Amino acid sequence: MGEVVNTVLLIEDNPGDARLIELMLAEDPDSPFRLSCVDRLSRGLEALDAEKPGLVLLDLSLPDSHGLETFDKVYAHSPTVPIIVLTGNDDQMIALNAVKTGAQDYLIKGKLDRELLVRAMQYSIERKRYQEQLEHQANYDALTGLPNRNLLHDRLKQAVYAQRHARAIAVVFIDLDHFKFINDSLGHSAGDRLLQQMADRLRDAVRDGDTVSRLGGDEFILVLNDQQNEDIVFRAMQRIIGEVSKPVVIDGQELTVTCSAGISLYPQDGPDVDTLLKNADAAMYRAKEHGRNNFQFYTAEMNKLVNERLSLESNLRRALERNELILHYQPKLDLKS
């Protein structure tokens, strides 16, 4: 008996059609497919969760669902599972529409034989796998595995436009300081490993619902969602800048790499994705001008508040170290006596 590599979920309410497909697959004892059959769409959706099949054979006409809506429900439930639509001679146009919207193939029940069925199943699984590879390449950076510019735009659009009520979002443009010098002196291979480590640090420094993406080179973008106020963004940026600047070992050599970051806030710094990115980029260049290894907000007034806070924190820290704080007691007076 061959090794089972794929569970095939057949959603078909006609016992004769289901039995025919079962017999076709049973002809080969070494078949890599194991068939599981249900007769309702509702049971099919439950089986998708429970069995995690590698392929779905789907009859569009079921007791609890009919036509293209049947496919739409299965595809929406499990978009990564390849689907082959089973159809009669009279509704091929519906099956074609299903292929246009995400099905891998369709088969006409009256013209079905074992060779055609198995070939269609193997082809659909491979085609779906190839589509996912292409989609991953189109949306993720090959070096770091982070979302690339395409996926960043999609995520940022969702964050900005998919809200009933405008909630603050921070867009952070990060550029590593003096990366070109490191790349040129240690070589591109070492530079790539440094970028991968920085990507991991940034990913670990944000929350699960946030996005870390790589634009290319040594440029990264963070999308920090649901930031209630600027104080929270300020604290988050202090932590992120601190994480990036921790020593890193590349080829046995310890390096300290810093970064410059610019922050734009939605909605006050821009109503759309492109404006937010442009303004965060401008703020990042201002951080470079301020000596690197710091972050700047896009708006001047926000930077003033941040700089005042930074100055106060720094002065207080130094005051504690130098014993510069003096305690004064205010006398309490009873004016009547």
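How many residues of strand S6 (residues 83-87) are buried? Select the strand: five of its five residues are buried, so that S6 is mostly covered. Buried means under 20% relative accessible area with a 1.4 Å probe, protein chains only. Strands here are DSSP runs of E, at least two residues long, numbered from the N terminus.

This is a predicted model, in which local features need pLDDT of at least 70, side-chain atom pairs count only at pLDDT 80 or more, and totals for chains, interfaces and linings use all residues. Residues are numbered from 1 along each chain as its sequence is written, and side-chain values use heavy atoms, without hydrogens and water.

Next, colour the two faces of S6. In a regular strand the side chains alternate between the two faces of the sheet. Ile83, Val85 and Thr87 lie on one side and Ile84 and Leu86 on the other, all buried.

Strand S3 (residues 55-59) runs parallel to S6, joined by four bridges. Aspartate 59 stands opposite leucine 86. Strand S7 (residues 105-108) is also parallel to S6, with four bridges. There, isoleucine 84 stands opposite aspartate 105.

Last, select Asp17, Leu20, Ile21, Lys109 and Leu112, which line the largest cavity. A cavity is a set of points on a 1 Å grid over the protein atoms alone where a 1.4 Å probe fits but cannot get out; lining residues have an atom within 4 Å of a point. Its volume, the space filled by probe spheres set on the points, is about 40 Å³.

Notes
1 Å grid on protein atoms, 1.4 Å probe; cavity = no way out; pocket = protein on both sides within 12 Å on 5 of 7 lines; lining within 4 Å. Buried < 20%, exposed > 50% of the residue type's maximum accessible area, 1.4 Å probe, protein only. Pairing = 2+ DSSP bridges.
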